[in-house]
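Take a look at the sequence and the 3D structure below.

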Amino acid sequence: MITKVLAAALADALSELGIDVAPSEIHMERPAQREHGDWSSNVALVMSKQAGRNPRELAAELLTVLESTSVDQIQRAEVAGPGFVNFHLSPQWLHDVLTEVISQGEDGYARSTIGDGQSINLEFVSANPTGPLHAGGGRWGAYGDSLARIFRRCGYQTFTEYYVNDRGLQTELFGDSLLAHRDGTDLPEDGYAGEYVAEWASEMPDDANPVAWGCERALAEVQQSLASMNVTFDHWASEKALVDSGAMESTIDALRAGGWVDEHEGATWLRTSDFGDEKDRVLLKSDGEPTYFVPDIAYHNQKFERGNLVIDVLGADHHGYVPRMSAALQMLGHQASSYEAIIGQNVTLVRSGKEIKLSKRTGTMVEVRDLIEAVGPDVARFAYLLQSIDTRQTIDLDMLSSQANENPVYYVQYAYARIASVGREANNRGVTRSTFNETGLALLTHHRELELLRALSSLPETVEIAARDRSPHKISTWIREFAAAFHGFYHDCPVLRSDVEPDLQQARLWLVESARIGFSIGLELLGLTAPEEM
RNA sequence: GCCCUCGUAGCUCAGGGGAUAGAGCAGUGGCCUCCGGAGCCAUGAGCGCAGGUUCGAAUCCUGCCGAGGGCGCCA
């Protein structure tokens with residue numbers, strides 16, 4: 001890769017000046033302004049203190065040395081601003097990108113090895129099985145699923161889970177609510193009053209166990225909604241099965257054996273404050289019943305059997321829970337760094353300019369299924385993935401519906417459809433692609449062609465950054481920019497038109513193929529479909 | 001009161017310590033004789049406030065202001 005070549009050249013030049021820096025320490029960046037070249041380095045600014053020279057002076061000396069050891073692709077290098085070394089490259093470096101994309105293909109390009117040999121267990125959504133998934137929960141689904149795809153592309157062995165709370169107070173309340181609806185009796189206090197409860201109650205067989213039946217019914221609903229948005233899980237972990245296996249007892253035993261458990265005020269406590277939690281937490285209530293915390297610890301402990309790094313995606317309303325879980329896991333012998341919680345901000349749903357408060361119990365809700373049915377799975381999924389998980393997201397249902405046709409996802413998918421269309425049209429015209437090695441890529445000099453390759457060249461680093469920052473939205477941002485580059489190219493650079501020279505046509509056909517590969521990878525990471533026609 | 005997030009254009013949001021802070025939507029004006037106009041091109045406006053660290057801060061630190069969330073022997 002060109003950045004490595006440039007960094008190595010800079011490192012060599014520095015060592016000639018008596019400054020030793022590993023090439024990997026030298027950062028190459030893409031200048032914001034095109035006039036500032038193709039690549040830029042700030043080494044002179046960073047090293048100036050150590051070198052005892054001012055940055056521009058050092059940069060100038062670097063250039064002198066670089067001239068004698070010139071790299072092929074460097075057309076010209078210059079000192080700019082406070083001391084940047086800017087490289088203006090010949091288009092060859094972008095033609096090399098095209099070659100790389102074609103030779104590595106859809107499967108190999110932008111595949112990273114940063115996660116090789118590591119495994120991640122990723123839990124997300126895990127909404128209680130007491131009703132349909134609401135539209136806010138869809139965000140965790142889209143996020144988690146895309147993050148898992150990104151992890152996998154980076155070499156992490158990734159295992160995804162949905163923790164099903166199919167026992168406990170909420171499920172019993174839900175079961176009782178189903179019964180009350182079916183039998184026409186009074187709803188229990190704090191029972192579930194949503195429309196779906198009445199609907200489901202009428203489906204419930206007389207001999208069914210309301211809790212078990214209700215959970216199963218809800219889970220099927222959730223599963224289906226997520227699947228329609230292309231979100232799936234490797235494992236649906238049942239809390240009930242976990243508890244039935246005796247995991248609660250063995251977990252408490254292990255914590256006791258470690259000396260982390262105290263008894264006072266009639267209850268059994270875990271000294272989580274020893275690990276930075278605000279206060280200690282109750283394991284067994286004074287009535288002897290375990291709190292929800294116990295099975296949760298057992299579950300998290302067990303997840304380490306399916307990954308070295310355990311990650312939870314949690315809504316902001318659960319962030320207070322992280323220190324106690326981290327404490328408990330450390331007591332059980334896990335490294336603090338092997339447990340990570342990603343805290344996502346909640347979604348605000350707006351309709352007719354008014355915020356819709358979501359509550360399963362009172363029944364005011366917007367189901368993720370409604371959203372998907374209204375705008376389509378790709379629009380819904382991309383809407384979730386457009387923004388950083390740190391951003392409190394506002395989804396305006398009216399706007400999403402009324403502007404469904406100009407949704408950003410179509411901008412991207414339209415580019416893919418256009419590529420497919422070029423292929424079809426090439427068939428119609430009897431144009432075939434020649435052997436890649438015989439194609440004259442040097443003919444690709446139009447700025448639109450080069451911009452397209454430039455965008456394509458940034459995909460590998462974007463994927464790694466997205467994995468490192470746990471930020472699928474960086475792929476969204478990338479693919480929108482990539483689509484813009486493609487539409488610009490498509491507008492200005494005809495491929496099949498009769499006035500295009502055959503050699504140029506061949507080069508462009510391969511360029512289009514490389515773009516197809518780029519879109520294909522990006523759309524797959526986002527879990528979006530790649531339509532041949534729209 | 002304490003803790004966690006977040007304040008960027010009219011709206012929804014990008015912005016890995018770097019140079020002149022970017023998109024989309026909304027507004028205005030242009031662009032189809034052959035590959036799909038769901039497209040392309042042009043145009044106005046902005047980093048909540050105050051300090052600090054740094055050669056350099058939207059980005060890191062502190063304080064203030066504002067918004068959301070959390071502070072149960074609930075889950």
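In this predicted model, 68 residues surround RNA strand B. The closest are Ser388, Tyr411, Tyr414, Arg418 and Ser421.

Several helices and strands take part. At least two residues each come from α2 (43-51), β4 (84-89), β9 (267-270), β15 (393-396), α16 (408-429), α18 (459-468) and α19 (473-492). Helix α16 gives the most, with 9 residues.

| Protein residue (backbone N or O atom) | Atom of RNA strand B | Distance |
|---|---|---|
| Ser286 | base oxygen | 2.6 Å |
| Ala316 | sugar or linking oxygen | 3.1 Å |
| Met534 | base oxygen | 3.2 Å |

Now turn to the interior. In soluble globular proteins, nonpolar side chains tend to be buried together. Here the largest nonpolar core has 127 residues. Ile26, Phe87, Leu122 and Phe519 touch the most other members. Helix α20 (residues 502-526) gives the most to this core, with 13 residues. What does Phe519 touch, leaving aside its neighbours within four places in sequence? Phe519 is in contact with Val412, Ala415, Tyr416, Ile419, Ile479, Phe482, Ala483 and Phe486. Another core lies apart from the largest one. That core has 23 residues, among them Val243, Val261, Ala328 and Met331.

Arg149 sits in helix α5 (residues 137-153). Why does Arg149 count as buried? Its relative accessibility is 17%, and the cut-off for buried is under 20%. Which backbone oxygens does its side chain reach? One belongs to Glu524, at 2.8 Å. Another belongs to Asn230, at 3.5 Å. Beyond its neighbours within four places in sequence, Arg149 is in contact with Asn230, Arg381, Glu524, Leu525 and Gly527.

Next comes helix α12 (residues 322-331). It is largely enclosed by the rest of the structure, because 8 of its 10 residues are buried. These are Val322, Arg324, Met325, Ser326, Ala327, Ala328, Leu329 and Met331.

Last, consider a sheet. Strands of a sheet pair through backbone hydrogen bonds, either parallel or antiparallel. An open sheet of 4 strands in this model has the order β1-β2-β4-β3, and its pairing is antiparallel. Which are the edge strands? They are β1 (28-29) and β3 (74-80), and each pairs on one side only. Strand β1 is joined to β2 (residues 39-41) by 2 bridges. Met28 has Ser41 of β2 as its bridge partner.

Technical notes. Residues are numbered from 1 along each chain as its sequence is written. Chains are lettered from A and ligands numbered from 1 in the order in which they are written. This is a predicted model: local features need pLDDT of at least 70, side-chain atom pairs count only at pLDDT 80 or more; totals for chains, interfaces and linings use all residues. Side-chain values use heavy atoms; hydrogens and water are left out. A residue is near a molecule or strand if one of its heavy atoms lies within 4 Å of it. A polar contact is a pair of N or O atoms within 3.5 Å; within protein, one must be able to donate a hydrogen and the other to accept it, and residues adjacent in sequence count only if both atoms are side-chain atoms. A nonpolar core is a set of buried Ala, Val, Leu, Ile, Met, Phe, Trp, Tyr and Cys residues joined through side-chain atoms within 4.5 Å. Buried means under 20% relative accessible area, exposed over 50%, partly exposed in between (1.4 Å probe, protein chains only). Contact means heavy atoms within 4.5 Å. Two strands pair if DSSP finds at least two bridges between them.
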